[in-house]
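Keep the structure open while you read.

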Amino acid sequence: MAEESLQLYDTTLRDGSQQEGMVLTVDDKLAVARHLDALGVGFIEGGWPGAVPRDTEFFHRARTELTLDHALLAAFGATRRAGVPVSTDPQVRALLAAGTPVITLVGKSHTGHVQRALRTTLAENLAMIGSTVRHLVHAGRRVFLDAEHYFDGHRLNRDYALAVVRTAAEAGAEAVVLCDTNGGSLPDEVREIVADTIAMTGAPVGIHCHDDTGCAVANSLAAVDAGAVHVQGTAHGYGERCGNADLFTVIGNLVLKKDRPVIGPAQLAGLSAAGLAISELTGIPPRRTAPYVGPSAFTHKAGLHASALRVDPDLYQHTDPERVGNVMRTLVSDMGGRSSVELKARELGYEVTAGSEEVARAAARIKDLESDGYSFESADASFELLLREELAGTPDEPPFQVDSWHVSVARRKDGDVHTEATVRLRLDGVPLAASGSGNGPVNALDRALHQALDPYFPQLARLELVDYRVRVLTGETGSSAAARVLISYSDGERRWGTVGVDRNTVTASWRALLDAVHYVLLDDVRPGRGATPLATALAG
């Protein structure tokens, strides 16, 4: 069960959506809210009704389309305007019309902002906060006040900042959230100001941090240590400028490092999946090195690490990745040596003996290939093909042979560039030729291979090239330099990478393409997938 004394409040749909390049539709916002609810956060801030039309629509649709099992939906907005009765203020009325059980108000706690941005008096600002909170509480809403620019305001005029907190708390605010709006504070400052605020007001306080000093998560934890009972953040730390506190990291640290069970073990195990799902909805790729949920969070490369991990994974991991729904990965490279190869082989399902000759051969071959420009870190499929050859002691050839391939690129009179590829193969000794056209040599070769092989190997029909990267290698210049090509493929369920290297970029691409096709055809004989011979496909 979640710890009721420490509230988790997510503001991805409001503050997080201010990140550069992020545009969420109402459907996106509803879907993100469902993932956050499943994760177990206590509050989901949906947006600013009355000020943003898309947010108004979100709250309207949420009434009938959004069922939340754990979280309460919050609407965000401003206090009444200066000199306007709270009962007639259109913004306050829009907040009530949103129909949410929770309303979060933003109020100024920095004297400079009150006088220069709101253009009102310090006394009127306090009156705006108090009357709006009381009005909403009287209407049956749970109310939080975001004290904007609180830490800067506390440094400038401590007495006034404290007066804002007292005013909101006495009017009925459930918590006054101290906002490091400019993101310029450090953990020791946050801890000191939060402790001072609690001591001087006795009010329940929360924390809302931005990451402009790279300390948003640390500042949030410092505030909790000082007595904050409410923590705000966003998925993946989304937000304007440098972003907000990453709520995924905050959750991982609270549960695993601070022993604060803000979500349960089953929900914690869904942390990585929630992060991936939300990044897919936002269209912003997840940061690979993000703590806990990043694809590289539990990935190991160096040989010293790999040797220790073989003995005990805990020696180089601060926690079990399964607790947050992540996995340990081993990267195979010239830095890793035998231990990395052994760990990666077992990760792929192959039984290998520590210190075996096969592992030694594979490690030596990898070192040689990487000295020639290969890289297997993002090419698990090519690594597995190499590993199978060394374990078997013989080349692991695909069930077809390549006689030749040809690519032509021609500019037509109308200015269009036409690319066509032809492949000539042998399938069980029978010649086979096919052609394909595309938007470039690699695309054309890929289509030609599909044209030739899909009728005989139906599993290849789902194979789709989803990423293509080329890098010029060595210190040479000009077109004679070697190229490394990394290709990512997907079959709709899995994703894998292959690598090819050659002085000719198209040849390097062809090698990576062949590895991808060969890898798919290994499914019948890969460990744990049975042993149906590939000849079955040929016979069909």
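Start with strand 5 (residues 142–148) and strand 6 (residues 175–180), which pair in the parallel sense over four bridges. Strands and helices here are DSSP runs, numbered from the N terminus, with at least two residues (E) for a strand and at least four (H or I) for a helix. Two strands pair if DSSP finds at least two bridges between them. Within this pair, A147 stands opposite L178 in strand 6.

Before going further, some ground rules: this is a predicted model, local features need pLDDT of at least 70, side-chain atom pairs count only at pLDDT 80 or more, and totals for chains, interfaces and linings use all residues. Numbering runs from 1 along each chain as its sequence is written, and side-chain values use heavy atoms, with hydrogens and water left out.

**The barrel**

Zooming out, eight strands close into a barrel in the order 1-2-3-4-5-6-7-8, with parallel pairing. From one strand to the next, the twist averages 25°. Angles run from 0 to 180 degrees between N-to-C directions, using axes fitted as lines to C-alpha atoms (for helices, over the stretch in contact).

| Pair | Sense | Bridges |
|---|---|---|
| Strand 1 and strand 2 | parallel | two |
| Strand 2 and strand 3 (residues 72–78) | parallel | four |
| Strand 5 and strand 6 | parallel | four |

Is strand 2 (residues 43–47) buried or exposed? Five of its five residues are buried, so strand 2 is largely enclosed by the rest of the structure. Buried means under 20% relative accessible area, exposed means over 50%, and partly exposed is in between (1.4 Å probe, protein chains only).

From strand 1 the chain passes through helix 1 (residues 26–39) to strand 2, a right-handed β-α-β crossover. Right-handed means that, with the strands pointing away from the viewer, the path from the first strand over the helix to the second runs clockwise. Strand 2, helix 2 (residues 53–65) and strand 3 make another right-handed β-α-β unit.

**H230 and strand 8**

H230 sits in strand 8 (residues 230–233). With 0% relative accessibility, H230 counts as buried. Its side chain makes a polar contact of 2.8 Å with that of Q7. A polar contact is a pair of N or O atoms within 3.5 Å; within protein, one must be able to donate a hydrogen and the other to accept it, and residues adjacent in sequence count only if both atoms are side-chain atoms. Setting aside neighbours within four places in sequence, H230 is in contact (heavy atoms within 4.5 Å) with residues including L6, Y9, F144, A175 and V205.

**Helix 10 and the cores**

Helix 10 is mostly covered, with ten of its ten residues buried. Its cover includes strand 1, helix 1, helix 9 (216–225), strand 8, helix 11 (265–268) and helix 12 (271–282). At the start of helix 10, a side-chain oxygen of D246 comes to within 2.9 Å of the backbone nitrogen of F248.

I251 is one of the buried residues in helix 10. Not counting residues up to four places away in sequence, I251 touches L8, L39, I263, L268 and L271. I251 and L271 have the most contacts inside the largest nonpolar core, which holds 82 residues. Such a core is a set of buried Ala, Val, Leu, Ile, Met, Phe, Trp, Tyr and Cys residues joined through side-chain atoms within 4.5 Å. A second, separate core has 31 residues, among them A448, L463, A512 and Y519.

Eight bridges join strand 15 (residues 483–490) to strand 16, and V485 is partnered with G500.

For an exposed contrast, look at V417 in strand 12 (residues 417–427): its relative accessible area is 54%. V417 touches V409, A410 and R411, leaving out residues up to four places away in sequence.

Overall, the chain has 19 helices and 16 strands, and buried residues make up 53% of its 540 residues.
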